[in-house]
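Let's go through the side-chain contacts and helix packing here, one question at a time. Have the viewer open and follow along.

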Amino acid sequence: MDFDLTPELAGLQQSVRRLARDKVQPRAREIDTTDEYPADLFEAFRAADLLGLCLPVELGGSGAGILGLTIAIEEVAKYSNAAALMLLLTRLPVGPVLIAGNDDQKQRYLPGIASGQLRAAFGLSEAVAGSDVAGMQTRAVADPGSAGGWILTGTKCWMSGVVEADWYTVFAKTGDPASRAHDSITAFIVERSYPGVSVGRTDAKMGVRGVHTGELVLEDVHVPAENVIGEVGGFRLAMLGLNAMRPIVAARGIGLAEGALMYATEYVKGRQAFGQTIADFQGIQWEIAKVAVDIEAARLLTYRSAWLADQGKFGKEYVPFLSMAKYFATELAVRASGLAVQLLGAAGYMEEHPTELWYRDAKQLTIVEGTSQVQLGLIARGVLGHDLWWD
C-alpha cells in the first residue's frame, strides 16, 4: 500500500498549486463581487493543459484520470470554488459519454473539451425534480421525420455553466411521463445551436458566483438518433456518472477547508488578545487541530474514492465509499469555513477577508450533485445491503 502520489501526479499538484496562487488567488474576490465569468482563468487552465485531465490521451486529454482532476481541483478550491467549478465541468457533462457513448460521439464532442474549444453542462435537475430525479417532466417523443430521432421539450434548472456551454448532456423521459421507472429516462447530447434551445433565467446565487447557474429551455428540440447516449432508457448513466463525480466534488470541499483553515491560522498567530496571541489559547488550538484531523481524513476518503472511480469501480457496491467522500468533505467545508469566520471574529464577517466568501461558497457543496442527506441514504443502504460490511 503506497500513499505517495506518483511523480506525475506530484508534479501536477505542484504546478497547479503555483497557478492557483499566482492566477486564482488574486482574482477570487473580484469574481465573487462582479459575478462575471472569469475568462482569463479559463485561458490559464487551457494554457496549463488542465481542461482534459480526466480524458484519455486518444481523445486529446492527459489521462490523469479522476484522481488527477481531484488533485487539481483541491488546489484551485483553496482560493475560489467558482474556478474549481470550471474544472469540474470538464468531467461532469462528459461522464455519460465516456461511460456509454459511441466512438463517433466521443470524437465529436470530447477533444474540444480537452482543448478548450468546447464547453459543456449537465442537465438533470428540474424545479420539481431535484433529488427526486425520477419526477422529471422534460419529455422526449419519437421524431416522425427522423429515424431514431427525438423531440425534446422541457426546462432544466440549476445548471452550472449553462450560459457558456456549447453542448449539454440532457436527461428526458422517453417512456410514460408518469412512470418513475429508471428505464423511462434517456440521456441525449443537445447542441446549443439546435433550434428551440435557449438559456432562460440565470440565478442570483449566495455563493460560487462567476460561473453562471440557470435554466436550459427546450422547445420542440429535434435531436438526431446519433446523439442518444447509450441505450434508450439508460437512466443508469446518470447515476453512474454522478457516482464517479463524488471525489471531484469532495475535492472542492477539501480545498476550501484547507484554504479557510490556513488563512484563519495565520490570522490568530498574529492577533494579540489578553497579553498573548489568540493562537496561544488552548481552546483555539484544539479547534484548529480538530479541523486539521478532518481535512486529512477527508483527503484519504477522497483519494481512495478517486482511485476507485479510475478503476471503473463506481457501480452499486462501491457507492458507499464514493458517497462517504462527498458527504464528509463537503460537510467539513461548512465546518472549517464557519470556524475561520469565528476565529477572525468581527473581521471574519467583513469582505476585507475571504472567510465570509468561503463560508457562503461552502454551503453549495452540501447540496449539489446529491445532497448530504442523499449521500447518507446511499451509505446506509450500502450497510443494510452488506456492500459496506466488515467481516
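Q: How many salt bridges does a search of the whole structure find?
A: This is a predicted model, where local features need pLDDT of at least 70, side-chain atom pairs count only at pLDDT 80 or more, and totals for chains, interfaces and linings use all residues. Residues are numbered from 1 along each chain as its sequence is written, and side-chain values use heavy atoms, with hydrogens and water left out. A salt bridge here is a side-chain nitrogen of Lys or Arg within 4 Å of a carboxyl oxygen of Asp or Glu. Searching the whole structure that way gives 21.

Q: Arg27 and Glu30 meet in a salt bridge; which of them is buried?
A: Their side chains come to 3.0 Å, N to O. Buried means under 20% relative accessible area, exposed means over 50%, and partly exposed is in between (1.4 Å probe, protein chains only). Glu30 has 44%, so Glu30 is partly exposed. At 17%, the buried one is Arg27.

Q: What is the N to O distance in the salt bridge of Asp203 with Arg201?
A: Asp203 counts as buried, at 17% relative accessibility. Its salt bridge partner is Arg201, and the closest N and O atoms are apart by 2.6 Å.

Q: Which helix holds both Lys290 and Glu287?
A: These two form a salt bridge, with the closest N and O atoms 2.9 Å apart. Glu287 counts as partly exposed, at 32% relative accessibility. Helices (H or I, at least four residues) and strands (E, at least two) are DSSP runs, numbered from the N terminus. Lys290 and Glu287 are three residues apart, so about one helical turn separates them, in helix α9 (residues 282-310).

Q: What is the angle between the planes of Trp150 and Phe188?
A: Rings of Phe, Tyr and Trp (its six-membered ring) pair if their centres lie within 6.5 Å; planes under 30 degrees apart count as stacked, over 60 as edge-to-face and the rest as tilted. The whole structure has six aromatic pairs. Trp150 lies in strand β3 and Phe188 in strand β5, so this pair ties together parts 38 residues apart in sequence. The pair is edge-to-face, with centres 6.2 Å apart and planes at 65 degrees.

Q: How many residues apart in sequence are the parts tied together by Tyr263 and Trp358?
A: The two rings form an edge-to-face pair, 5.8 Å centre to centre with 70 degrees between the planes. Tyr263 is in helix α8 (residues 236-270) and Trp358 in helix α11 (residues 355-365), so the parts they tie together are apart in sequence by 95 residues.

Q: Are α9 and α10 roughly parallel or roughly antiparallel?
A: Axes are lines fitted to C-alpha atoms, for helices over the stretch in contact, and angles run from 0 to 180 degrees between N-to-C directions. α9 and α10 pack at about 155 degrees, with axes 9 Å apart. Angles under 35 degrees count as roughly parallel, over 145 as roughly antiparallel, 65 to 115 as roughly perpendicular and the rest as oblique. That makes α9 and α10 roughly antiparallel.
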